[in-house]
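The following exercises are to be worked through with the sequence and the structure at hand. Each task is followed by a solution in steps.

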Amino acid sequence: MELKAHKRDTDVLKAVINYGASCQILPVFCQLSSKFPKLSFVYVDIDECPETTQHIQYTPTFHFYRDGERVDEMFGAGEDRLHDRLWLHS
């Protein structure tokens with residue numbers, strides 16, 4: 001599965017996902033990266049990057065950053081909720 005990276009300095013979405021039930025949102029996450037070209041999408045596998053994700057309690061977790069500062073956070077794998085939150089930040 002390919003995740004397209006889009007360059008933008010101000011808005012970043014970081015998804016922390018583990019292998020299991022929460023990984024079902026990964027294909028949706030990849031599709032949404034094409035629908036919101038103004039946002040940068042970063043995928044982090046919680047099992048592969050434990051030092052980066054040590055404070056994550058729920059998966060999937062989505063962090064929204066603007067100018068390097070986290071401005072929003074979302075827990076859960078709801079496709080419509082994620083789409084709406086992306087729209088809000090785009």
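The model is predicted.

**Exercise 1. A residue in a helix**

Task: Determine in which helix His89 lies, whether His89 is buried or exposed, and which residues His89 touches.

Solution. Step 1: His89 is part of helix H2. Step 2: The relative accessibility of His89 is 10%. Buried means under 20%, so His89 counts as buried. Step 3: Setting aside residues up to four places away in sequence, His89 touches Asp11, Leu39, Phe64, Arg66, Val71 and Asp72.

**Exercise 2. The nonpolar core**

Task: For the largest nonpolar core, give the number of residues and name those with the most contacts inside it. Then identify which element gives the most to this core.

Solution. Step 1: The largest nonpolar core holds 16 residues. Step 2: Leu13, Phe29, Leu32, Phe41, Phe62, Leu82 and Leu86 are the residues with the most contacts inside this core. Step 3: Two or more residues of the core come from each of strand S1 (11-17), helix H1 (26-35), S3 and helix H2 (79-89). Step 4: H1 gives the most, with 5 residues.

**Exercise 3. Aromatic rings**

Task: State how many aromatic pairs a search of the whole structure finds, and describe the pair of Phe29 and Phe41 and the pair of Phe29 and Phe62.

Solution. Step 1: The search finds 3 aromatic pairs. Step 2: In the pair of Phe29 and Phe41, the centres are 5.2 Å apart and the angle between the planes is 65°; the pair is edge-to-face. This pair links distant parts of the chain, with Phe29 in helix H1 and Phe41 in strand S2, 12 residues apart. Step 3: Phe29 has 0% relative accessibility and so counts as buried; Phe41, at 5%, also counts as buried. Step 4: The ring centres of Phe29 and Phe62 are 6.2 Å apart and their planes are at 35°, so this pair is tilted. Phe62 is in strand S3, 33 residues from Phe29. Step 5: Phe29, Phe41 and Phe62 form one aromatic cluster.

**Exercise 4. Cysteines**

Task: Find how many disulfides the whole structure contains, and classify Cys30 and Cys49 by accessibility.

Solution. Step 1: A disulfide is a covalent bond between the sulfur atoms of two cysteines. Step 2: A search of the whole structure gives 0 disulfides. Step 3: Cys30 counts as buried because its relative accessibility is 10%. Step 4: Cys49 has a relative accessible area of 26% and is therefore partly exposed.

Definitions and conventions. Residues numbered from 1 in each chain as written. Predicted model: local features only at pLDDT ≥ 70, side-chain atom pairs only at ≥ 80, totals over all residues. Heavy atoms only, no water. Core = buried A, V, L, I, M, F, W, Y, C linked by side-chain atoms within 4.5 Å. Buried < 20%, exposed > 50% of the residue type's maximum accessible area, 1.4 Å probe, protein only. Helix = DSSP H or I, 4+ residues; strand = E, 2+ residues; numbered from the N terminus. Disulfide = S-S within 2.5 Å. Contact = heavy atoms within 4.5 Å. Phe/Tyr/Trp six-rings, centres within 6.5 Å; stacked < 30°, edge-to-face > 60°.
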